[in-house]
Amino acid sequence: GVTSDPDRRIFEHHNGIRSGFASKYHCTRLLLIEHYGDIRQAIARETQLKGWTRAKKLALVQVSNPTFKDLAEQWGWLQIGPYRSIAAEDSK
């Protein structure tokens, strides 16, 4: 999905806050993130990815995240409350 607030979005997915595909299928790991400076580019990319086969999407993830680790966990994000998270390094 497209978001201007990845921290909030990750929190929502990890906690099943929003109903929809991610909640229905228990998608809780961040496997890939792409940054765009323009919302139109981000939406176009999302539309493109939605048209891909599952195999093609998995191949894309495998290039940058071959072990399929949760990038949010790998970056040390902690959930501290509704729609907020901080880096673990900042909490020390």
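Helices (H or I, at least four residues) and strands (E, at least two) are DSSP runs, numbered from the N terminus. The structure treated here is a predicted model: local features need pLDDT of at least 70, side-chain atom pairs count only at pLDDT 80 or more, and totals for chains, interfaces and linings use all residues. Residues are numbered from 1 along each chain as its sequence is written, and side-chain values use heavy atoms, with hydrogens and water left out.

**Exercise 1. The overall plan**

Task: State how many helices and strands the protein has, and describe its surface and contacts.

Solution. 
Step 1. The protein contains five helices and two strands. Their order along the sequence is α-α-α-α-α-β-β.
Step 2. Buried means under 20% relative accessible area, exposed over 50%, and partly exposed in between (1.4 Å probe, protein chains only). Of the 92 residues of the protein, 21% are classed as buried.
Step 3. The accessible surface (Shrake-Rupley method, 1.4 Å probe; for residues, only the protein chains shown count as cover) comes to about 6900 Å² for the protein, and 54% of it belongs to carbon and sulfur atoms.
Step 4. A contact means heavy atoms within 4.5 Å. Among the contacts in the protein with a separation of 6 or more, 54% join residues 24 or more positions apart.

**Exercise 2. Arg45 and Thr47 in α3, and Gly1**

Task: Determine where Arg45 lies and whether Arg45 is buried or exposed; then relate helix α3 to Gly1.

Solution. 
Step 1. Arg45 belongs to helix α3. Its relative accessible area is 16%, so Arg45 is buried.
Step 2. With neighbours within four places in sequence left aside, Arg45 is in contact with Glu34, Tyr36, Trp52 and Leu60.
Step 3. Thr47 is also found in helix α3, but Thr47 counts as exposed because its relative accessibility is 53%.
Step 4. Gly1 sits in the segment before α1 and is exposed, with a relative accessible area of 79%.
Step 5. Gly1 and Arg45 are 44 residues apart along the chain, and their C-alpha atoms are separated by 9.7 Å. For Thr47 and Gly1, 46 residues apart along the chain, the C-alpha separation is 9.4 Å.
Step 6. Residues up to four places away in sequence not being counted, Gly1 touches Arg9 and Glu46. Arg9 is one of the buried residues of α1, along with Ile10, Phe11 and Glu12. Just after α1, Gly16 has a positive phi of about 60 degrees.

**Exercise 3. The largest pocket**

Task: Give the volume of the largest pocket and describe its lining.

Solution. 
Step 1. On a 1 Å grid over the protein atoms alone, a pocket is an open set of points where a 1.4 Å probe fits, with protein on both sides within 12 Å along at least five of seven lines; lining residues have an atom within 4 Å of a point.
Step 2. Grid points are joined across faces, edges and corners, and a volume is the space filled by probe spheres set on the points. The largest pocket holds about 1900 Å³ of space.
Step 3. Its lining is made up of 42 residues, of which Gly1, His13, Arg29, Leu30 and Leu32 lie nearest the centre. The elements giving two or more residues to this lining are α1 (6-15), α2 (21-24), α3 (39-50) and α4 (54-64).
Step 4. Ala, Val, Leu, Ile, Met, Phe, Trp, Tyr, Cys and Pro count as nonpolar, Asp, Glu, Lys and Arg as charged, and the others, Gly among them, as polar. By these classes the lining has 18 nonpolar, 13 polar and 11 charged residues.
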